[in-house]
Protein chains: 2
Amino acid sequence: MTQSLPGFREFYPPECAVKRAIFQKWQQTMLAYGFAEVEAPILEPLELFTDKSGPEIAEQLFHFVDKGGRAVALRPEFTPSVVRMVAARAQGLRKPIKWFNIGEQFRFERPQKGRLRSFYQLNVDCFGLADFSADAELIALLIQLFRVFGLTQADVHIRLSDRNLWFFFLESCGITGQAALDVLALIDKMEREDRAKSLEKFQKCVGDNASVLLTQIEALIAARDLPSLKIALGGALSNPAVAQRLAEWEGLLDTLDAMGVLPFIQIDLGIVRGLAYYTGFVFEAFEVSGRSRALAGGGRYDTLVEKLGGPALPAVGFAIGDVVLTDLLTEKNLLPTCNMTPDFYVVSSGPAERRIALGDVQILRAAGFWVEYALVDTGFSKQLKLADQAGARHALIYGESELAQGLVKLRHLGTRVESDVPHAQLKETLSTLSSSHHA
Amino acid sequence: MTQSLPGFREFYPPECAVKRAIFQKWQQTMLAYGFAEVEAPILEPLELFTDKSGPEIAEQLFHFVDKGGRAVALRPEFTPSVVRMVAARAQGLRKPIKWFNIGEQFRFERPQKGRLRSFYQLNVDCFGLADFSADAELIALLIQLFRVFGLTQADVHIRLSDRNLWFFFLESCGITGQAALDVLALIDKMEREDRAKSLEKFQKCVGDNASVLLTQIEALIAARDLPSLKIALGGALSNPAVAQRLAEWEGLLDTLDAMGVLPFIQIDLGIVRGLAYYTGFVFEAFEVSGRSRALAGGGRYDTLVEKLGGPALPAVGFAIGDVVLTDLLTEKNLLPTCNMTPDFYVVSSGPAERRIALGDVQILRAAGFWVEYALVDTGFSKQLKLADQAGARHALIYGESELAQGLVKLRHLGTRVESDVPHAQLKETLSTLSSSHHA
């Protein structure tokens with residue numbers, strides 16, 4: 001039989017229940033933080049992605065020409081679609097606009113640990129607010145999205161950086177425009193290559209000053225608090241914009257402290273985010289040892305909506321993927337648990353009792369209970385054996401003599417303790433009993 | 001800005017909340033009926049679909065060759081994928097295997113009312129049981145999937161048919177094999193074309209007997225109860241297999257009666273399901289007037305798993321789509337409602353109070369409450385105005401004198417009634433107050 005494609009996943013019931021539980025925790029958290037869910041097509045015109053990221057992005061995409069002659073692509077990310085949606089209605093929406101999406105993304109890459117060709121992402125954006133309070137809100141939310149699974153600051157941290165500070169610093173070194181973006185791209189790679197290689201690249205990019213510049217950059221990356229950062233900024237400090245930016249840093253950190261999430265934050269200018277459109281604070285979440293890929297990443301992108309043809313609308317957002325998170329939760333034994341056994345297994349002593357039971361099964365299921373019964377009628381003791389095999393908590397027993405007295409027998413299958421339930425009040429009685437039903 | 005593709009939908013928050021509410025009702029119902037969720041890739045090898053439906057299916061698909069040189073397609077239905085999954089593990093799974101999926105499907109068709117190029121389907125299958133009790137379970141489940149939205153037998157009905165009876169009847173007329181499948185394909189189209197046209201097609205298919213045959217077929221289609229069906233079957237009744245099949249009909253209808261869903265059932269042999277792989281009872285759900293497209297359809301397919309390379313595994317399943325259902329719920333004013341307003345809006349009288357409030361906001365959100373506050377700090381009365389604009393049920397007011405007494409003020413924004421809540425027991429007190437929070 002034809003197998004599924006490499007880098008794509010099948011989810012059998014146990015894995016699907018975990019996925020569902022993760023999505024539900026994401027959704028509950030997003031609603032508590034006041035974000036509204038949106039959805040956009042999984043298949044989009046190819047140019048939606050090349051307009052944002054340049055034609056070279058097509059190399060990483062599943063793209064083709066459809067039967068209508070349109071160049072289309074499976075979306076590699078949600079941002080272009082949500083920017084289009086917000087741009088179309090920005091005028092009529094109360095600001096800030098807080099939206100999220102939980103959806104599938106597709107990239108044609110070599111499948112490897114933590115990276116598949118199809119994966120799910122929670123995508124979060126806040127539009128319409130340039131103030132750092134929106135950045136704080138999103139960073140606190142990202143941290144809650146880890147805490148909701150039982151992860152703590154001993155497990156994950158947020159590496160917080162600032163592309164504005166980098167631009168101010170590079171400007172003070174005489175590096176501006178595309179050259180500054182090129183240097184940021186080099187900084188993005190420094191963590192994963194040796195110093196000699198980095199130095200060589202810097203020499204190609206900025207010439208003779210490379211060695212001094214690299215040392216200054218290393219000092220900035222090593223800074224873990226604002227005083228160290230100020231020292232490392234050196235000559236850039238004389239720029240009044242830098243003083244103002246540092247005041248925003250103080251405001252952001254103070255807000256995160258008030259929110260109770262500062263222990264998760266690590267100042268780390270080594271994070272610059274590869275993509276050119278980020279404009280301010282940027283951040284990535286990692287397992288604290290830093291061994292695995294980023295769990296999440298995001299930042300401020302105040303110019304993108306306008307660049308893509310919308311109104312001027314400041315924005316900050318992040319995305320968190322399911323693959324690396326699920327690996328981490330598995331490793332930490334924190335995968336959400338799911339009820340995989342029925343509430344009730346209905347057993348009947350004969351055809352007349354079975355008819356009555358079948359009606360009750362529908363009523364109890366409509367009330368939200370997970371109810372099973374032997375689909376093919378079989379002997380009484382066989383039915384009780386099936387109830388045990390299914391792992392049901394209780395058997396509901398429909399016997400001739402009990403029904404004659406208007407009763408149904410309830411048996412706890414662990415303790416074998418039995419009690420009689422009035423048939424006329426079955427649903428109400430069972431509702432007081434079970435706190436685990438799904439309704 | 002690049003628009004989305006024709007036949008694909010964007011879901012802004014109000015529509016997305018409805019979609020989510022529909023999916024949640026589907027999921028709760030499926031779990032109550034003891035079905036486990038599974039998921040398979042949205043992109044599959046093209047041959048997975050052509051193996052099942054023949055090469056002509058490609059005309060209706062989004063398909064292409066990926067960068068690895070594989071012919072791939074966006075799935076038009078879930079059945080081939082779930083059949084592959086069940087075939088791979090059938091031996092180790094307790095029967096019956098009851099699985100469902102809620103997912104996106106794609107067909108390259110002309111977009112029109114009730115039919116889009118991308119749509120969602122709830123796909124339901126029960127594997128491993130040839131008995132009609134499995135058919136009854138699925139039909140009762142399908143009906144509950146309408147009732148859960150408030151739809152009744154005055155709104156929707158299930159047209160129940162049987163391809164076995166058709167095959168027995170056609171056999172008694174000397175029509176077997178591919179000729180029988182061809183006649184079923186003609187019957188499938190009769191409802192939507194005039195009689196002269198149908199007769200012409202029958203003549204091409206079966207020759208001179210067409211007129212008599214068509215009259216007999218019309219009598220079978222017109223039958224609405226078992227006695228009429230028996231009369232219409234005519235000479236086929238002498239086949240002992242037909243008597244046995246009618247006993248299964250009686251068993252199925254009696255079971256549906258015991259389940260309390262018989263009022264939804266309409267015997268209607270006009271339903272034959274277009275696809276060749278159905279092998280027994282088949283059914284479709286319609287709005288009772290029959291004006292719109294089918295809401296759902298399914299039936300028994302006992303040979304497909306083996307045909308696709310798996311073990312011999314009887315199966316019955318159905319799918320229900322979101323497009324026609326959402327149209328019907330809209331028309332009947334039965335769209336599920338969703339809470340679109342915050343539980344609490346937090347207001348603070350100054351910077352010190354705001355710091356305390358920001359910490360509480362995170363705690364209350366972690367407890368599942370939807371909590372909002374003015375992201376950018378602003379004046380006290382402006383904050384109260386924002387609370388009203390957001391439609392929050394309560395304001396939580398952090399004032400200097402109240403906090404000095406260890407209190408927070410709770411104001412109901414509809415009635416303006418205020419009460420003091422001990423700051424140390426804030427979460428616990430609010431939990432007793434609100435029954436509408438999301439946790």
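## Arg300 and Asp302 of chain B

B:Arg300 is buried, its relative accessible area being 4%. In this predicted model, the side chain of B:Arg300 forms a salt bridge with that of B:Asp302, with an N to O distance of 2.8 Å.

## A network in chain A

Salt bridges can also be linked through shared partners. One such network joins A:Glu402, A:Lys409, A:Arg411, A:Glu418 and A:Asp420.

## Arg159 and Glu191 of chain B

Another salt bridge brings together the side chains of B:Arg159 and B:Glu191, at 3.2 Å from N to O. B:Arg159 belongs to strand β7 (residues 156-162) of chain B, while B:Glu191 sits in the loop between α6 (177-190) and α7 (195-206) of chain B, so the contact ties together parts that are 32 residues apart in sequence.

Is each end of this pair buried or exposed? B:Arg159 has a relative accessible area of 8% and is buried. B:Glu191, with 53% relative accessibility, counts as exposed.

## Lys201 and Glu193 of chain B

B:Lys201 is paired with B:Glu193 in a salt bridge whose closest N and O atoms are 3.0 Å apart. B:Lys201 counts as partly exposed, at 25% relative accessibility.

## Total over the model

How many salt bridges are there over all chains? The count comes to 71, taking a side-chain nitrogen of Lys or Arg within 4 Å of a carboxyl oxygen of Asp or Glu as the criterion.

Notes:
Residues numbered from 1 in each chain as written. Chains lettered and ligands numbered in written order. Predicted model: local features only at pLDDT ≥ 70, side-chain atom pairs only at ≥ 80, totals over all residues. Heavy atoms only, no water. Helix = DSSP H or I, 4+ residues; strand = E, 2+ residues; numbered from the N terminus. Buried < 20%, exposed > 50% of the residue type's maximum accessible area, 1.4 Å probe, protein only.
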